[in-house]
Amino acid sequence: MKAHVTRPFVLDFAGAYLDWGPEFSEEVLADWLKEKQEQFGPRWAEVQAILRELEGYGVFVIDVTPNNISFEP
């Protein structure tokens, strides 16, 4: 039986941490957030919801790019 994955989905867990996320300085975190907001534009809130859902399972993804989190075109 094949599993069917529907969008949105996360493609890459290479940049993920289990059980707790990495610690970044406030400056690094601010730069990261700004970059992600620019990359995802109005979909950034949806991406944040996906990340929160993963964090609820103890998965902290830092490699967040439009190549790794895909939405319907």
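Helix 1 (26-40) has 15 residues, which at 1.5 Å a residue should span 21 Å. Its end C-alpha atoms are 21 Å apart in this predicted model, which agrees. The expected span is 1.5 Å times one less than the number of residues. Helices are DSSP runs (H or I, at least four residues), and strands are E runs of at least two, numbered from the N terminus. Just after helix 1, glycine 41 takes a positive phi of about 55°.

Helix 1 and helix 2 pack at an angle of about 120°, with axes 8 Å apart. Axes are lines fitted to C-alpha atoms, for helices over the stretch in contact; angles run from 0 to 180 degrees between N-to-C directions. The two helices are therefore oblique to each other (under 35 degrees is roughly parallel, over 145 roughly antiparallel, 65 to 115 roughly perpendicular, the rest oblique). Helix 1 makes the contact (heavy atoms within 4.5 Å) through Trp32, Leu33, Lys36, Gln37 and Phe40, and helix 2 through Trp44, Val47 and Leu51.

The largest pocket has a volume of about 360 Å³. Of its 14 lining residues, Leu29, Trp32, Leu51, Glu55 and Val61 are the closest to its centre. A pocket is an open set of points on a 1 Å grid over the protein atoms alone, where a 1.4 Å probe fits, with protein on both sides within 12 Å along at least five of seven lines; lining residues have an atom within 4 Å of a point. Points are joined across faces, edges and corners, and the volume is the space filled by probe spheres set on them. Helix 2 gives the most to the lining, with 5 residues.

Residues are numbered from 1 along each chain as its sequence is written. Local features need pLDDT of at least 70, side-chain atom pairs count only at pLDDT 80 or more, totals for chains, interfaces and linings use all residues, and side-chain values use heavy atoms, without hydrogens and water.
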